[in-house]
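Hi there,

Here is the structure I promised to pass on.

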Amino acid sequence: MVDTLSLWAIPAMLALIPLWAFIRKVKVYDRFIVGAEEGLQVAVKIIPFLVGMMVALAIFRASGAMELLARAIDPLTRPLGFPAEILPLMIVRPMSGAGALAVTADLLKTHHPDSYIGRLASIMQGSTDTTFYVLTVYFGSVGVKKTRYAAAVGLFADLIGFLTALYACNWFFR
Amino acid sequence: MLNLIWLLLMVIGVGVAAFTGRAGAVTDAAFTASKLAIETIIGLAGLMALWMGLMKVAEESGLMEGLAWLLRPLVHWLFPSVPPDHPAVGAILMNISANMLGLGSAATPMGLKAMQELQTLNPDDPETASEAMCTFLTLNTSSVTLIPGTIIALRAASGSKYPAEIVAATLLASSIAAVFGVGADWTVRQFNRRRRR
């Protein structure tokens, strides 16, 4: 049942969304082209982030520094069950959306997307957000300088997001 | 901040290589990674175009409005200081709906509009965030993800057998994080209210 559902989820979307939009009198192909162009722009925009992050992480890993870091923070991460490889994602995630996507891309390439780390990185990426970026852009746009407790609450939500991602990953995939 | 992290990754990496004698491996890794980055994008670009194109069609057909209608009571409850017929409510609803559907490019303009509207309701100093603004930021930074489209595309581009298998886990994890975020915001507001009395 679940297998059939996930097998048909994407084909169903591919047919039903355009059909529904057509009934609602949307020029489906024209709109698709507009969206596809936006998608390509996003892809092009993240290339520099991807190159910068993947190179830096590759150097860090190839030199043996990642192993040293993993060993150093092991007493901290082991009781919680976090693999040390995921640490760069946790650090970059609140700061830059494109940067975090680049770290996730690196983790998916290095370990397989269907490995434990690959799945965990995917879930984490989706269940947390770029708190500092949102804070800067949104408050900056209306000239608010004293942001009070907003950053603390946002980071708290990110932290809970990391933990729930970990438990959800263990629960669904182990 | 990100500048510092990037610098540390590079400098510590090369520094450790000096001790472990892996200078050659570092050079190889750096060159391979820059090639790999472009390969990743080539795999990803087409999927991103397909996904965003499909979502644009969905957006135009009123998907966001439908979701916004469902979420309206929740927003009234979360923003007691915003009058129910104020334009801020509409902007907040559209922003949250876009975020839930993973439509980042549609979410940001709506979010900025919502901030402007909330600023007109700001009771004190315009340079200090109002409670409603803080709640809105919390909703934004801990938004529930219904369909993580970009990640599914990235997983597919990286050779996953089941790119969409993480959808249920992501929905669960992001929902719990959002409940905690909103709960923390609510607690701070109650605390402030009591202190003011």
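Among contacts in chain A between residues at least 6 apart in sequence, what percentage join residues at least 24 apart? The answer is 62%. Please keep in mind that this is a predicted model.

Let me start with chain A. Along the principal axes, the C-alpha atoms of chain A fill a box of roughly 60 × 50 × 30 Å. Of the 174 residues in this chain, 46% count as buried.

Next, the contact between the chains. Chain A gives 85 residues to it, and chain B gives 85 residues. On the side of chain A that touches chain B, the largest share comes from helix 3 (residues 47-62) of chain A, with 13 residues. That side of chain A divides into 53 nonpolar, 21 polar and eleven charged residues.

Over in chain B, helix 7 (residues 149-157) may interest you: nine of its nine residues are buried. Among them are B:Ile151, B:Ile152 and B:Leu154, along with B:Arg155. The buried residues of this helix pack against helix 6 (97-110) and helix 7 (116-127) of chain A, and also against helix 2 (23-60) of chain B. Just after helix 7 of chain B comes B:Gly159, with a positive phi of about 90°.

Best wishes

Key. Residues numbered from 1 in each chain as written. Chains lettered and ligands numbered in written order. Predicted model: local features only at pLDDT ≥ 70, side-chain atom pairs only at ≥ 80, totals over all residues. Contact = placed C-beta atoms within 7 Å. Helix = DSSP H or I, 4+ residues; strand = E, 2+ residues; numbered from the N terminus. Nonpolar A, V, L, I, M, F, W, Y, C, P; charged D, E, K, R; others polar. Buried ≥ 20, exposed ≤ 12 C-beta atoms within 10 Å, placed from the backbone.
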